[in-house]
Amino acid sequence: MMRWSTLGVLCVLVVSGCAAPASSPAPAGHESAPASRPLPAPSGQPAAGARPEAPVGFGNAAAFRKWGLEPMAPAPAAPRDPLKISSVRDPWIKEIPTDERIVFLTFDDGNEKDPRFIEMMRDLRIPFTMFLTDDAVKKDYGYFRELRDLGNSVENHTLTHTDLKSLDQAGQQREMCGAQEKFAKEFGRAPRLFRPPFGSWNDDTLAAMKACGLQAMVLWRADMGIEDLEYQRADRRLRPGQIILAHFRGPKDLKGRSLTDMTADLLRRIQEQGFTVARLEDYLAFDSTPPADGS
Ligand SMILES: [Zn+2]
């Protein structure tokens with residue numbers, strides 16, 4: 001069986017950042033792993049193979065209770081027939097076709113770098129995808145390497161978080177290819193997924209994606225606010241396979257609450273609707289030969 005390495009999610013946001021992606025944990029060992037297993041320290045080294053290794057499963061019950069949560073149901077096994085990106089007809093992906101009660105988490109931008117969030121994710125082993133903006137993360141790439149080393153992908157959310165529609169194609173390409181180069185160097189693998197700032201894009205964006213080797217635009221169906229989810233659909237409920245946007249935000253943007261408070265609430269909203277979290281990359285089949293570059 002194959003593993004899919006990358007994925008990305010988008011973030012859009014009206015304010016400053018973007019959300020976080022979710023990924024799915026592997027099915028094994030739900031209750032068996034110790035809660036706080038030390039993980040590889042962040043180093044300048046890219047992860048092995050430049051590709052995150054799948055976590056073996058969620059943290060154990062004690063780990064969830066440490067963060068005020070009930071243990072989360074394990075994610076189902078990864079699908080044998082992941083969605084072929086080349087087969088997607090829309091210019092974006094907002095959900096993955098599935099009957100499983102799973103959603104995918106994405107965390108955007110990178111402004112908040114709360115060490116407790118790393119601790120939380122080491123404990124819980126919840127998969128997610130990071131759509132990072134270089135300006136927000138460049139003072140501390142190491143923080144995001146630690147999260148990557150937990151098995152979470154780093155994807156492209158531009159250099160400066162500019163509204164792409166304000167730029168011509170060459171300008172968009174600088175934002176997107178520039179982040180590709182930075183992240184390939186800093187994280188050991190060039191992103192394959194793209195999320196436009198504010199969810200704002202046009203035809204030039206699609207051309208620039210191709211030129212920069214980005215395979216899919218990942219948007220979202222629900223957006224985590226300070227305490228609750230905001231849904232795009234009128235029924236205000238999660239549906240199988242939806243992608244959720246969250247952001248690396250801290251007390252300044254969360255009315256005094258922390259990134260870990262917000263994440264705990266996000267997980268509760270998912271659990272109370274009978275869902276669990278899966279790894280987006282496991283549900284995507286990437287093109288094996290990315291476009292060379294965009295002339
Ligand atoms: Zn953003």
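Colleague: Happy to start with a helix: which residues in α4 are buried?

Modeller: In α4 the buried ones are Tyr-141, Phe-144, Arg-145, Glu-146, Leu-147, Arg-148 and Asp-149. A residue is called buried if 20 or more other C-beta atoms lie within 10 Å of its own, exposed if 12 or fewer, and partly exposed in between, with C-beta atoms placed from the backbone. Before we go on, this is a predicted model: local features need pLDDT of at least 70, side-chain atom pairs count only at pLDDT 80 or more, and totals for chains, interfaces and linings use all residues. Residues are numbered from 1 along each chain as its sequence is written.

Colleague: Why is helix α4 said to be largely enclosed by the rest of the structure?

Modeller: Seven of the nine residues of α4 (residues 141-149) are buried, so the helix is largely enclosed. The cover over those buried residues includes α2, β6, α3 (134-137), β7 and α5. After α4 comes Gly-151, with a positive phi near 105°.

Colleague: What counts as a helix or a strand here, and how many does the chain have?

Modeller: They are DSSP runs numbered from the N terminus: helices are H or I with at least four residues, strands are E with at least two. The chain has seven helices and 14 strands.

Colleague: What confidence does the chain have, and where does pLDDT stay under 50?

Modeller: pLDDT is the predictor's confidence in each residue, from 0 to 100. The chain averages 84, and 78% of the residues score at least 70. Over residues 1-56 pLDDT stays under 50, although the model has 223 contacts beyond four places in sequence for them. Where pLDDT is low, the predicted coordinates should not be read in detail.

Colleague: What makes two strands a pair, and how do β5 and β6 run?

Modeller: Strands pair if DSSP finds at least two bridges between them. β5 and β6 are joined by two bridges, so they meet that cut-off, and they run parallel. Asp-109 stands opposite Leu-132 in β6.

Colleague: How many bridges join β6 to β7, and which residue stands opposite Asn-156?

Modeller: Four bridges join β6 to β7, again in parallel, and Leu-132 is the residue opposite Asn-156 in β7. In β7, Ser-153 and Glu-155 point one way and Val-154 and Asn-156 the other, and all are buried.

Colleague: How do you know that both faces of β12 are covered?

Modeller: In β12 (residues 244-247), Ile-244 and Ala-246 on one side and Leu-245 and His-247 on the other are all buried. β12 pairs in the parallel sense with β5 (residues 106-109) over two bridges, where Asp-108 has His-247 as its bridge partner. Two bridges also join β12 to β10 (residues 222-224), running parallel, with Ala-222 partnered by Ile-244.

Colleague: Why is Met-209 called buried?

Modeller: Met-209 has 25 other C-beta atoms within 10 Å, and the cut-off is 20 or more, so Met-209 counts as buried. Met-209 lies in helix α6 (residues 203-212). Leaving out residues up to four places away in sequence, Met-209 touches Met-176, Phe-194, Leu-214 and Met-217, a contact being two C-beta atoms, placed from the backbone, within 7 Å. Met-176 is 33 residues away in sequence and 7.2 Å away in space, C-alpha to C-alpha.

Colleague: What is the phi of Arg-125, and is Arg-125 buried or exposed?

Modeller: Phi of Arg-125 is near 60°, a positive value in a residue other than glycine. Most residues other than glycine have a negative phi. Arg-125 is in the loop between α2 and β6 (129-132), and with 26 C-beta neighbours inside 10 Å it counts as buried.

Colleague: Where is His-161 found, and why is His-161 called buried?

Modeller: His-161 is in the loop between β7 (153-156) and α5 (169-187). His-161 has 24 other C-beta atoms within 10 Å, so it is buried. His-161 also has a positive phi, about 65°.
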